[in-house]
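Look over the sequence and the fold first. Then work through the questions below.

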Amino acid sequence: MQINPGAAEFPHRQIAAQLKAQVRRGDWGPGERLPSIPAIAEMFGVAKQTVQRAVDQLRVEGILITKPGSGTYVRGTRRRLNRLSRGRYGGFRGYHTDLAARYRQQLVSVGRAPAPPEVADAFGVADGTELLCRRHLVRTEDSPVEVGASWFLPADTAGTSLERAEAFGRPLYQEAEEATGRRYVTATDTITARQPSREEAETLQIRPDTPVLHLLHVAYDAQRKPIEVAQATWPGPVTTLTEEYRVPAPAPEPDPDPGLVLG
């Protein structure tokens, strides 16, 4: 392990690149603890602050995770969102068992709350209008990977099970269809990248300068009226969005005009 003092790259970035290469080679596997900051500093012959900057960079990139009082570890989980919000509906309008096996969703709160601008816009109401909000947190074995909320119009949910602070033994959209009497027909997903709010950073246990991916999911009935507006926020460095789809075949060549003489 060494750095090149004459290189244009800052020393901490050189160290980060070498540590990243070692992780990729498998020198340290998922969940394995790295040597201490002083030990790595001694290996490279640099100050501890330089190594700390390298570790901080790799934390932001989602490669390492630091556990206070324990040390720095290779992150063992990278959340893959293979179908974005389509995964919540499953292949046959049923529970997505694969996601359920890998992630644990915890209901955080249920109650009226002022609608943020993007939710208010989706429902066509004024900013701050009180709507029913069901907030949740999704965790893996080692860390939280999603904070989210589902919003509904109070007129649709008054006196229904959606107002109760309890989890359901089926997907939320199925409970909402039964409670509201409205069927989900179409949906739109809008994804943006941004910096986290202070609350999001604290809940997801990430640095305030770690970028996040934010999803706005709007589900409509047959009359194109919103039933549910859902939000989800994920740590960007540990989230991979993968979308698989078919590519249309080339259009067939038109048959030549039988009346056209060629040659």
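Q: The charged end of which residue sits over the ring of Y220?
A: A charge sits over a ring if NZ of Lys or CZ of Arg is within 6 Å of the ring centre and within 35 degrees of the ring normal. Here the distance to the centre of the Y220 ring is 3.8 Å. This is a predicted model, in which local features need pLDDT of at least 70, side-chain atom pairs count only at pLDDT 80 or more, and totals for chains, interfaces and linings use all residues. The residue is R224.

Q: Is strand β5 mostly covered or mostly uncovered?
A: Strands (E, at least two residues) are DSSP runs, numbered from the N terminus. Residues are numbered from 1 along each chain as its sequence is written, and side-chain values use heavy atoms, without hydrogens or water. Buried means under 20% relative accessible area (1.4 Å probe, protein chains only). In β5, residues 130–139, seven of the ten are buried, so the strand is mostly covered.

Q: How many bridges join strand β4 to β5?
A: Two strands pair if DSSP finds at least two bridges between them. β4 covers residues 104–114 and runs antiparallel to β5. G111 stands opposite C133 in β5. The number of bridges is ten.

Q: Which residue in β6 stands opposite R135?
A: β6 covers residues 144–152. Eight bridges join β5 to this strand, and the two run antiparallel. The residue opposite R135 is A149.

Q: How many residues does the largest nonpolar core have?
A: A nonpolar core is a set of buried Ala, Val, Leu, Ile, Met, Phe, Trp, Tyr and Cys residues joined through side-chain atoms within 4.5 Å. Among those with the most contacts inside this one are I15, W28 and L58. The count is 18 residues.

Methods
Buried means under 20% relative accessible area, exposed over 50%, partly exposed in between (1.4 Å probe, protein chains only). Helices (H or I, at least four residues) and strands (E, at least two) are DSSP runs, numbered from the N terminus.
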